[in-house]
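Student: I have a structure open and would like to talk it through with you. Shall we take it step by step?

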Amino acid sequence: MGLRLSYDDRSAAVLVFPVLAVLLVVAAYPILYSFWVSLHDIVLTRPLRRPFVWFENYERMLGDARFHTAVLRTTVYTVVTVSVVSVLAVGVALLLNETFPGHKLLNALLLLPWATPSIVNGLMWKWIYDPTYGLMNAVLVKLGLIESYRAWLGDPDLTLLLISNAAIWKQMPLAALLLLVTMKAIPDDLYRAAKVDGATVFQRFVHVTLPALRPGLMLVLVYETMISIRHFDLFLIMTQGGPGDASYTLSWLIYVETFRSLRFGTGAALSYLLAMLTFLLSWLFIRFLGEKTA
Amino acid sequence: MAAITLQGVTKRYGNVTAVQALDLAIREGEFMVLLGPSGCGKTTTLNMIAGLEEISDGTLLFDAKDVTRLPPHKREVAMVFQSYALYPNKTVAENIAFPLRLRGVPKAEIDRAVASVAEQLELTPLLQRRPNQLSGGQRQRVALGRAIVRQPSVFLMDEPLSNLDATLRLSMRSLIKRLHHQLKATFVYVTHDQAEALTLADRIAVMQGGIVQQLDTPEGIYERPANTFVASFLGSPQINLLRAGLPRPAWVAEGRDVIVGLRPEDVARPTEGLTALSGRVELVSPLGSETQLELALPGASITLRVPKDWRVTEGETLAFGIDPARLHVFDAATERRIAP
């Protein structure tokens, strides 16, 4: 029996084809091609020499000290950003779930940081942190908390946290909104039942709100982790990996390797390592947090 | 056990008054049903007794204790909701145990209490399931279990059977009635279903517009409705209420404007002592044991329920008799019942 398609199947195939073709060109091909690149020793300064080296690029990068630093920095940055975003978002969602004068206005204002372009956000925070005219210095000096202006982003112990702070400012609103939607779906009767059962405000949060937020929280965790682990724009604008290697994250390393050193082979290999790490983390979240929601 | 006394209890939402100066004395161990159409204030009243709604005005007493401003958990009431309101992430056992856990009852005691409640409500095989793995009837039994496990003196039920299908509703009705006999606690039960009210209640408070229209036993409410609203809210099919067309009992003053009510089942074959009437049969609806008829009288149309052996056919003229003593008479202006 040959391949016989019904009219519906055929028209479906025709309708899906354009999207499929576009995806093949703009997604599938680059993904496969970059994998191919990662198996070659391609350095753009010597364009004619591109030997096939199997997994040597991966091996070299996994043994590279810069890679180890980058993994450490990325981990710190991601853990700080994701946990602060999640906790803050739960708090903000709880606040916005209440009805008080002006809560609609606050709802709208909340989305402003999220609607701000990444670059603008980065520049804005860079100004705030600026050692000569920055708002943060001005405020802290006025409050008497510091005596003179400091180069905040130049402090290797603070750099990552300050960049993280800028990211949190931008990313928290969407997370809060996602959680707010989940929260709005919790039936009021559950809270009323818990009240009659004798639960305090905190117990109602633990026994009713948190379990119901689980799917939303998981979405936030996965999404924010994927964003943070690959984050690049703020690092480019604010510190360029510095001072020293204080903000040398994986995506910064990939950028340096690929576009500054023009070593496309190792750059592609690093990208693949980052992609695998992202997949692995998402899988872990879904595996261990998604379990009980079913 | 506790008696519940509402004195001038009022609930206002801004300019809207949901419950108006309600006086209601619920006796200790009584099964009180608040009956009325949606928006009549019955659920608001229940929520105020539970402490889930603040009382705008008036006093609420449990026995002699003023609980008007007490939070729900200090009132020792248990509540069952129409939506069951089970905690979705907890198992049946955890749901039932929850009120005890919050009170810091020792684990061994909780386990014993949960086992005994589960036994009573036939939930033992389901204890480790989660609510989404249960049927509607099972869920409502879990909700009942969570309510009875801490042996409260007052049970509040907000349309607990409205989400169940008809068959299940009947069996749950008897279960609730049995529970009331066993627990001897005070039950306050909100419903819009007259059959539930009539079968369960010791007394019924029929509410409309935030006001109790009548407070009486089920028989009293059905036999002596205080006004046309109560008369037409109870009984299926509805009572026939007519300004003209039905005979006026002899004691009604000549010239007084009245509404006469006739329950569809209060008819008989025309015999001595009954007022004879006749009308053209417009519609015959067999209901199994009985037949429902729509009849055109001179100047009016009424609904009757007659035994099926009357064998009525559409289009015929039916002669029947009514007992003037069974007629309900209401003042046409006030719509209140008037009696000889």
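Tutor: Gladly! Let us begin with a term: two residues are in contact if their C-beta atoms, placed from the backbone, lie within 7 Å. Please keep in mind that this is a predicted model.

Student: How many helices and strands does chain B have, and what percentage of its residues count as buried?

Tutor: The secondary structure of chain B comes to eight helices and 17 strands. A residue is buried if 20 or more other C-beta atoms lie within 10 Å of its own. Of the 340 residues of chain B, the buried part is 39%.

Student: Which strands are at the edges of the open sheet of four strands in chain B?

Tutor: The sheet has the order β2-β1-β4-β5 (chain B), with antiparallel pairing. An edge strand pairs on one side only.

Student: Now to β9(B): which residue of β10(B) stands opposite Val206(B)?

Tutor: Strand β9 (residues 203-208) of chain B pairs with strand β3 (residues 31-35) of chain B in the parallel sense over four bridges, and there Leu35(B) stands opposite Val206(B). β9(B) also pairs with strand β10 (residues 211-216) of chain B, in the antiparallel sense and over five bridges. In β10(B), the residue opposite Val206(B) is Gln214(B).

Student: Which residue takes a positive phi in the hairpin of β9(B) and β10(B)?

Tutor: This hairpin has two residues between the strands. The positive phi, near 60°, belongs to Gly209(B).

Student: Finally, which element gives the largest share of the side of chain A that touches chain B?

Tutor: Between the chains, 15 residues of chain A are in contact with 16 residues of chain B. On the chain A side, α8 (188-197) and α9 (201-229) of chain A each give two or more residues. By class, that side has seven nonpolar, three polar and five charged residues. The largest share, seven residues, comes from α8(A).

Key:
Residues numbered from 1 in each chain as written. Chains lettered and ligands numbered in written order. Predicted model: local features only at pLDDT ≥ 70, side-chain atom pairs only at ≥ 80, totals over all residues. Buried ≥ 20, exposed ≤ 12 C-beta atoms within 10 Å, placed from the backbone. Pairing = 2+ DSSP bridges. Nonpolar A, V, L, I, M, F, W, Y, C, P; charged D, E, K, R; others polar.
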